[in-house]
Amino acid sequence: LHAFAFSPDDRSIVVGYEDGQVGFINATDGTLRSQSVHVPSIPLALAFCEAGRLLAIGTDVGEIYLYDLESRQTRSIIKGHTSRVNALATFPDGTTLVSGGRDRELKLWDTASGELLTTLFGHVRQVFSISVSSDGQTIASGGLEGDIRIWRSQPDR
């Protein structure tokens, strides 16, 4: 087990295993649901996007799979990090994904297109955790150095 996340409705827990499997567990009784996803590398970070319709899967080779839960198909594969993706978080509206990893960078992605929106630099060592404030104005990230970075958006002028 390398990663897990609650679904937005709190009914399921998605779990990433070392063999590349991503399983869905009923949060009420702990039973494994029939739906599962397989990626060809180790899933290290998971996040739900687009009101729970999309699952982002960050892997040990720097790829992020955007998996459409309704069609049960991979929508796109983002190849934006040079090494492992350790953390994922979404903005409150679910349309922007933040990733962080061994390359010491945070990257913001548009979930609909998979396009890179921006890259944030500042960590000395790899990023291991990310959180986005409930208003979407602030990102906090934690690194292996023991540092916590606070990233705030510029107010509209």
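This is a predicted model: local features need pLDDT of at least 70, side-chain atom pairs count only at pLDDT 80 or more; totals for chains, interfaces and linings use all residues.
Colleague: Is Val-14 buried or exposed?

Modeller: Val-14 lies in strand β2, residues 12-16. Buried means under 20% relative accessible area. The relative accessibility of Val-14 is 0%, so this residue counts as buried.

Colleague: Which residues does Val-14 touch, not counting those up to four places away in sequence?

Modeller: Happy to list them, with contact meaning heavy atoms within 4.5 Å. Leaving out residues up to four places away in sequence, Val-14 touches Ala-3, Phe-4, Ala-5, Val-22, Gly-23, Phe-24, Leu-46, Phe-48 and Leu-55.

Colleague: Phe-4 is on that list. Is Phe-4 itself buried or exposed?

Modeller: Look for Phe-4 in strand β1, residues 3-6. Phe-4 also forms a nonpolar surface patch with Leu-1 and Tyr-17, and together they have about 350 Å² of accessible area. Exposed means over 50% relative accessible area. Phe-4 has 57%, so the residue is exposed.

Colleague: Which strands stand at the edges of the open sheet of four strands?

Modeller: The order in that sheet is β9-β10-β11-β12, with antiparallel pairing. One side of each edge strand is left without a neighbour in the sheet, because each has a single partner strand; these are β9 (85-90) and β12 (116-120).

Note on methods. Residues are numbered from 1 along each chain as its sequence is written. Side-chain values use heavy atoms; hydrogens and water are left out. Patches are made of residues with over 30% relative accessible area and no salt bridge: like charges are joined within 9 Å, nonpolar side chains (Val, Leu, Ile, Met, Phe, Trp, Tyr) within 5 Å. Accessible areas come from the Shrake-Rupley method with a 1.4 Å probe; for residues, only the protein chains shown count as cover. A salt bridge is a side-chain nitrogen of Lys or Arg within 4 Å of a carboxyl oxygen of Asp or Glu. Helices (H or I, at least four residues) and strands (E, at least two) are DSSP runs, numbered from the N terminus. Buried means under 20% relative accessible area, exposed over 50%, partly exposed in between (1.4 Å probe, protein chains only). Two strands pair if DSSP finds at least two bridges between them.
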